[in-house]
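Please look over the structure shown here before reading the briefing that follows. The notes are grouped by topic and are meant for a reader who is new to it.

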Amino acid sequence: ENFRLLRSNIEFFRISNPIKTILITSPNQGNGKTTIATNLALSISQGEQEVVLVDADLRRPAVHTALKMSKNPGLSDVIRNKVDIQSVVRRWKDLDLNVVTSGNIPPNITEVVGSKRISSILSSLKERFELVIVDAPPLIIADSYNLASKVDGVILVMEPGQTTIDQAKTIKEQLARSEARMLGI
């Protein structure tokens, strides 16, 4: 029910703000961002919208594990021009959930995620799907801020008692500097 409520809040927000890409991130590993991203994508797909879930956490990918899928081929293979984006979008089970897993982990991850290629990949997915949900690395990794600047909105997942007020303020300032648009926490 909580994910349906989150889905409804996003839909209300989308009425007055065009949002096609949402990044899900957290301050640290283990805050539940993959759980939120996956369940939000499932909830939205049940609402009869064409949605794609993208695992952009190339350091510690987890979407493939959560959904019991192979991680190859995936996003990193597209970024490195080994395959095209259409060939790595896969349906999950018999549901209307489309998934792009992480793919093979490249040796130069920051350069890969920081490349201009990621913008064109997200643009391609925005043209094909009503909503793109990106499971990003935690904000302790610079990749997240780069990705946050390329999406329409960011949802920050924080675990009560784990993130201090000072950490939260610093994260908010860094996201603002990267021109990220916060949708909620």
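Is Lys68 buried or exposed? Lys68 is exposed, with a relative accessible area of 76%, where exposed stands for over 50% relative accessible area, buried for under 20% and partly exposed for what lies in between (1.4 Å probe, protein chains only).

This is a predicted model, in which local features need pLDDT of at least 70 and side-chain atom pairs count only at pLDDT 80 or more, while totals for chains, interfaces and linings use all residues. Residues are numbered from 1 along each chain as its sequence is written, and side-chain values use heavy atoms, with hydrogens and water left out.

**Confidence and overall form**

- The mean pLDDT of the chain is 88, and 97% of its residues reach 70 or more; pLDDT is the predictor's confidence in each residue, on a scale from 0 to 100.
- Among the elements of the chain, strand 2 (residues 51-55) has the highest mean pLDDT (97), whereas helix 6 (residues 109-113) has the lowest (64).
- The chain holds 9 helices and 7 strands, which are DSSP runs numbered from the N terminus (H or I over at least four residues for helices, E over at least two for strands).
- The radius of gyration of the chain is 15 Å, close to the 16 Å that the globule rule gives for 185 residues, so the chain is as compact as a globular protein of that length; this radius is taken over C-alpha atoms, and the rule is 2.2 Å times the number of residues to the power 0.38.
- Of the 185 residues of the chain, 49% count as buried, and the C-alpha atoms fill a box of roughly 40 × 40 × 30 Å along the principal axes.

**Packing of helix 1 and helix 2**

- Helix 1 (residues 2-16) packs with helix 2 (residues 33-46) at an angle of about 70°, their axes being 9 Å apart; axes are lines fitted to C-alpha atoms, for helices over the stretch in contact, and angles run from 0 to 180 degrees between N-to-C directions.
- The two helices are therefore roughly perpendicular to each other, a label that covers 65 to 115 degrees, while angles under 35 count as roughly parallel, over 145 as roughly antiparallel and the rest as oblique.
- Helix 1 contributes Phe3, Arg4, Leu6, Arg7 and Ile10 to this contact, and helix 2 contributes residues including Ile36, Leu40 and Ile44, where contact means heavy atoms within 4.5 Å.

**Two buried residues**

- Leu156 is found in strand 6 and is buried, with a relative accessible area of 4%.
- Leu156 and Pro27 are 129 residues apart in sequence, yet 7.8 Å apart in space from C-alpha to C-alpha, and Pro27 is among the residues that Leu156 touches, as are Leu139 and Ile171.
- Asp77 lies in helix 4 (residues 75-79) and counts as buried at 4% relative accessibility.
- Not counting residues up to four places away in sequence, Asp77 touches Asn72, Lys82, Val83, Gly103 and Asn104.

**Loops and backbone details**

- A cis peptide bond, with omega of about -15°, joins Asn72 and Pro73, and Pro73 is placed in the loop between helix 3 (63-66) and helix 4.
- Lys68 is also found in the loop between helix 3 and helix 4, and its phi is near 55°, a positive value in a residue other than glycine.
- Asn81, in the loop between helix 4 and helix 5 (85-88), has a positive phi of about 60° although it is not a glycine.
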